[in-house]
Amino acid sequence: MFRFLFKRRHSKTVSNDDNLKSASEQMPAVNRLVKTPLFEDHHLLTSMIIHHADGLEFAVNLFYMACSFRYRKIKQYPTFLEEQDNPKLTVLKILDSLPRLEFLKRYLKRRKVIGHSRSCKELLLAQLLMDIHPSLYDLMVWIIKRHEPWTISLENKKLTDELFHYTLKHDDSHKFELLKKNHGSKLGWHGSPHYCWHPIVIEGLKNMSNTPFELHGHVMGEGINLSKYSSMAHAYVSYTPCWKNSEWSTCCVNGFSVGIMALCEFISLPSYEREKAYVIPKEEHVRVVSCCIFSSNQLHAPRKASSMKLCT
């Protein structure tokens, strides 16, 4: 498709800057990308697909699942979707056109460009995605900037009833680590509907007690509710279809859906303890450390939070 774009001339050495200029001139649709801060930010999408595809797949699925629930408003959309009559439906259509990330990864690795310029690879990738859907490239870069996939890793070791197990890293955790050093920490399970995980992973768990966004009436008390047993948290998990070209979807055959439950770490204070749960009123005292992906056709195996170990 793009074979004609880049031809090596044996009589002349061409610089990466020349390659970028030549590529952008021959592909008007992506010419604007070179002049924007979006493109200058370390060639985000190419880097994410090659080095952090697992984290990117997690992020795409979370946003897809959030948009699949029509009755819950999403705080923020990409600017090019804000004027849409039904931005959620638009997002679902765009993401369903996205090829498998493994295909895009192979495409980037085998694509021969002069001087192996990363800028040229980004341009080629942008053109490929824009040919599929004009807004697909912009949407993918927006998801990356919101979710930071380099902080999300897929664990090889997973529980028997899980499809996937992801670990989340926290770069801004100095205050939490200081509190942890002084008071210690414990683990607890948190279950939420599928449409809540997009904002939870981005912003962290929030204390929604006595607000319009409260879902279950602070069953154990006013604050963020965590359970000592996974079976209690699993009762609050809801299931929905995921992005159709994801690895998650291949594991959910025969129309089965996926749900998410999180293992959370919190500062160990005596006032947070309840008989079967923990109630943490301060948002800065709790963080999500891993997310477990389940299929709706799987039987859940209950386990105590205290028996779990943090992935390092």
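Lys228 and Glu273 form a salt bridge through their side chains, with N to O at 2.6 Å. The two residues come from distant parts of the chain, 45 residues apart. The model is predicted, and six salt bridges are found in the structure. The points below take up three of these pairs, then the packing of helix α3 with helix α8.

**Lys228 and Glu273**

- Lys228 sits in the loop between β4 and α11 (230–234), while Glu273 sits in the loop between β5 (258–267) and β6.
- Lys228 has a relative accessibility of 16% and therefore counts as buried, the limit being under 20%.
- Glu273, at 34% relative accessibility, counts as partly exposed.

**Glu283 and Lys206**

- A salt bridge also joins the side chains of Glu283 and Lys206, at 3.7 Å from N to O.
- This pair links distant parts of the chain, its members being 77 residues apart.
- Glu283 belongs to the loop between β6 (277–280) and β7 (286–295), and Lys206 to the loop between α10 (197–203) and β4 (224–227).
- Glu283 is partly exposed at 29% relative accessibility.
- Lys206 is partly exposed as well, with a relative accessible area of 35%.

- In the salt bridge between Glu265 and Arg287, the closest N and O atoms are 3.0 Å apart.
- Glu265 is buried, with 1% relative accessible area.
- Arg287 counts as buried too, at 13% relative accessibility.
- Glu265 and Arg287 belong to one network with Glu177 and Lys180, joined by salt bridges that share partners.

**Packing of α3 with α8**

- Helix α3 (residues 44–51) packs with helix α8 (residues 136–147) at an angle of about 70°, and the axes are 10 Å apart.
- An angle from 65 to 115 degrees counts as roughly perpendicular, so α3 and α8 fall in that class.
- On the α3 side, the residues in contact are Leu44, Leu45 and Met48.
- On the α8 side, they are Tyr137, Met140, Val141, Ile144 and Lys145.
- By class, this contact has seven nonpolar residues, one charged residue and no polar ones.

Definitions and conventions:
Residues numbered from 1 in each chain as written. Predicted model: local features only at pLDDT ≥ 70, side-chain atom pairs only at ≥ 80, totals over all residues. Heavy atoms only, no water. Axes fitted to C-alpha atoms, helices over the stretch in contact; angles between N-to-C directions. Helix = DSSP H or I, 4+ residues; strand = E, 2+ residues; numbered from the N terminus. Parallel < 35°, antiparallel > 145°, perpendicular 65-115°, else oblique. Contact = heavy atoms within 4.5 Å. Nonpolar A, V, L, I, M, F, W, Y, C, P; charged D, E, K, R; others polar. Salt bridge = Lys/Arg side-chain N within 4 Å of Asp/Glu carboxyl O. Buried < 20%, exposed > 50% of the residue type's maximum accessible area, 1.4 Å probe, protein only.
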